[in-house]
Amino acid sequence: MTSNRIADLRPTAVNRVLEEVRRYQAGGKVAVSLMRGQPDSPTPRHIIEAAKRALRAGRTGYADNRGEPALRKAVADKLQREQGLSYDPDSEILITDGATCGIALALGAVLNPGDEVLLPDPIYDAYQSPSALFGGRAVPVASVVRDGRFTIDRSALEAAWTPRSRAVLVNDPWNPVGTAFTRAELESIVRFAVERNLILISDEIYEALIYDGRQHICPASRGEARPRTIVVNSLSKSYAMTGWRVGYCSAPAELTRAMFLLLQQFSRGPVTFVQDAAVCALESNQDGVRQMQAEYQARRDLVIESLSGIAGIRPLVPDGGLFVMVDLREFFAQRPSRELTSDHVRRFLLEQHGVVVIHGSAYGVAGEGFLRVSFAAGGTILEQGLARLRSGLCELTAGKSPIG
């Protein structure tokens, strides 16, 4: 009864693990989750009040399908203010139902059947299915861990490229590994895209959560990249607005028109009062964003401190985002007779220690040998989760567990 294209789709890693967690909890057990990337900070009060004012003013009708003019202008102003980028709010900005919608629009606007999308490996797994939905194929670009951080070499991009390659998609900061690309790293990717005549799709949803004084760099700010770049973003992480479902794309007019044509087929965009609240978020004082950034950096440091000093285990310090990748490869190498995987470890930690993390292999072959640990939740949840996680990893490395 279903179409053939459904066979090419798959649930995300988070949803697959959530099913296991529900079964675990159905037995009366309690699990502490260090899994999801949902900030536990409340949406700032002034943004909520803006939505209330809009509701009281009757802003409940159809929105402009491209996005309300005031929000498109606010997005254009933000891009100019923060990245020095000039976009026409009438022809080069599109408001979407979150970044997930924006990614689908970007892929749908550029892919023909059989086209390939180059994706860093490992990477957030929700890019593969929309690529397949529009007839494309996701091709992994192997990453390497150098000086404690994941990176992509030009040689890996060249090795993944074929005449069917149509686009390269980057996530910066990069989920799950936490790399924030340096200017030199971005320039290498941009040069590759230009020389190979590829569309560059830049998912920048974690741009505000970047640490240690680093600055986010949008690839479109490189002049030669601007005509071929689609920027996808949302207010979900920056303003703790995950449930509000409001995002945006910025791109050259031709690509924006194509995405808008596609958008019209399945969405009328975020509701008007949410868009009014988004204008408030972008145009008001940004102290709250900086405070949230500082809070998450402190949580990141707590994760690193808590998981350091375990034999054969090394937490990698992320440049940005909400996750720490925990490197298990040395521990695995010490037990060559055992066929251990990151998924084995992830299941052991849930079943024996009641802590939920994601196995790195869920995000690609290059993620094998790692666990993704979220610090989106803080306070007691983070403290309890880290205590359980450390206890489980110590038991594992001591050879006292069923899989160690």
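Start by selecting Asn 197, which in this predicted model lies in the loop between α7 and β8. Exposed is the word for a residue with over 50% relative accessible area, so Asn 197, at 54% relative accessibility, counts as exposed.

Select Arg 245 next, in the loop between β9 and β10, where you will find another residue other than glycine with a positive phi, here near 55°. At 32% relative accessibility, however, Arg 245 counts as partly exposed.

Now move to the loop between β7 (165–171) and α7 (183–195), and pick out Pro 173 there. The peptide bond that joins Asp 172 to Pro 173 is cis, with omega at about -10°. As background, most peptide bonds are trans.

Then colour the seven strands of the open sheet, which follow the order β2-β10-β9-β8-β7-β3-β4 with mixed pairing. Because β2 (93–96) and β4 (137–142) stand at the edges with a single partner strand each, one side of each has no neighbour in the sheet. Within this sheet, neighbouring strands are turned by 25° against each other on average, direction ignored.

Zoom in on β8 (residues 199–203) and β9 (residues 229–234), which run parallel and are joined by four bridges; here Asp 203 stands opposite Val 232 in β9. Finally, select helix α8 (residues 253–263), which packs on the sheet and touches β2, β8, β9 and β10 (247–250).

How values were computed
Residues numbered from 1 in each chain as written. Predicted model: local features only at pLDDT ≥ 70, side-chain atom pairs only at ≥ 80, totals over all residues. Heavy atoms only, no water. Pairing = 2+ DSSP bridges. Helix = DSSP H or I, 4+ residues; strand = E, 2+ residues; numbered from the N terminus. Axes fitted to C-alpha atoms, helices over the stretch in contact; angles between N-to-C directions. Contact = heavy atoms within 4.5 Å. Buried < 20%, exposed > 50% of the residue type's maximum accessible area, 1.4 Å probe, protein only.
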